[in-house]
Amino acid sequence: EQIVEAGMTVLLEKGFNGCGVQEITDCAGVPKGSFYNHFESKEALGAEIVERYAERSVRGVLADRSFPPIERLRLHFEALNERYIGFGFRRGCLLGNFSAELSDQSALIRARLAEVFAHWTKDLEAAISEAQAQGAIGASVPAAELAAFLLNAYEGALLRARVEKNRDAFENFMRVAFTKILT
């Protein structure tokens with residue numbers, strides 16, 4: 001657990017290729033040999049971290065039926081925005097970071113990322129589908145397509161917010177998503 005937590009910290013800060021096992025074990029306060037008692041490789045740790053990161057997501061609100069589905073979608077993206085603004089635009093989404101850095105480098109991590117993105121898309125799709133059934137969102141575009149588009153657009157907005165070091169991309173995403181797309 002110490003290694004996973006330290007790995008999450010170091011990998012979010014420095015990227016996968018920007019650190020080594022020694023740096024992760026130093027952060028965890030354990031000997032380097034301990035790493036290999038638990039993980040076959042840094043790649044195996046990276047795959048585990050992708051899963052753990054997804055477990056800590058703010059996606060739970062998407063299934064919270066105490067809110068109307070369109071409000072659940074809004075709350076979900078607002079929570080993400082606040083998370084990354086709170087990091088001072090220094091950190092992005094580990095999923096997006098790893099996708100850019102490792103998609104051609106690690107089949108294992110790419111497969112884990114694809115699974116997590118698929119689950120996230122399904123969670124968005126469920127809320128959108130429910131909103132479409134209620135007439136709160138038009139049904140001319142299938143819910144699955146809208147969900148994939150929103151996720152893709154949000155990850156792009158996050159990258160731009162990090163580059164520009166301001167919330168403009170988030171505000172643009174929210175405005176367009178909730179006044180033009182999810183209507």
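Predicted model: local features only at pLDDT ≥ 70, side-chain atom pairs only at ≥ 80, totals over all residues.

I call a residue buried when its relative accessible area is under 20%, exposed when over 50%, and partly exposed in between.

With a relative accessible area of 16%, Arg59 is buried because the cut-off is 20%. Its side chain meets that of Asp123 in a salt bridge, 2.8 Å from N to O. Asp123 sits in helix α7 (residues 107-133) and Arg59 in the loop between α4 and α5, so the pair ties together parts 64 residues apart in sequence. Asp123 is partly exposed at 28%.

How many salt bridges does the count come to? I get 12. One of them joins Glu5 and Arg56 at 2.2 Å, N to O. That pair links helix α1 (residues 2-14) to the loop between α4 (42-55) and α5, 51 residues apart. I looked up both partners: Glu5 is partly exposed at 30%, and Arg56 is partly exposed at 41%.

Next I checked Glu82 and Arg167, whose side chains form a salt bridge at 3.1 Å, N to O. Glu82 is in helix α5 and Arg167 in the loop between α8 (143-164) and α9 (168-181), so parts 85 residues apart in sequence are tied together.

Helix α5 (residues 69-86) also holds Asn81. Asn81 is buried at 5% relative accessibility. Beyond neighbours within four places in sequence, I find Asn81 in contact with Tyr154, Phe170 and Met174.

My disulfide count is zero. Cys19 is buried at 8%, while Cys27 is partly exposed at 44%.

Definitions and conventions
Residues numbered from 1 in each chain as written. Heavy atoms only, no water. Disulfide = S-S within 2.5 Å. Buried < 20%, exposed > 50% of the residue type's maximum accessible area, 1.4 Å probe, protein only. Helix = DSSP H or I, 4+ residues; strand = E, 2+ residues; numbered from the N terminus. Contact = heavy atoms within 4.5 Å. Salt bridge = Lys/Arg side-chain N within 4 Å of Asp/Glu carboxyl O.
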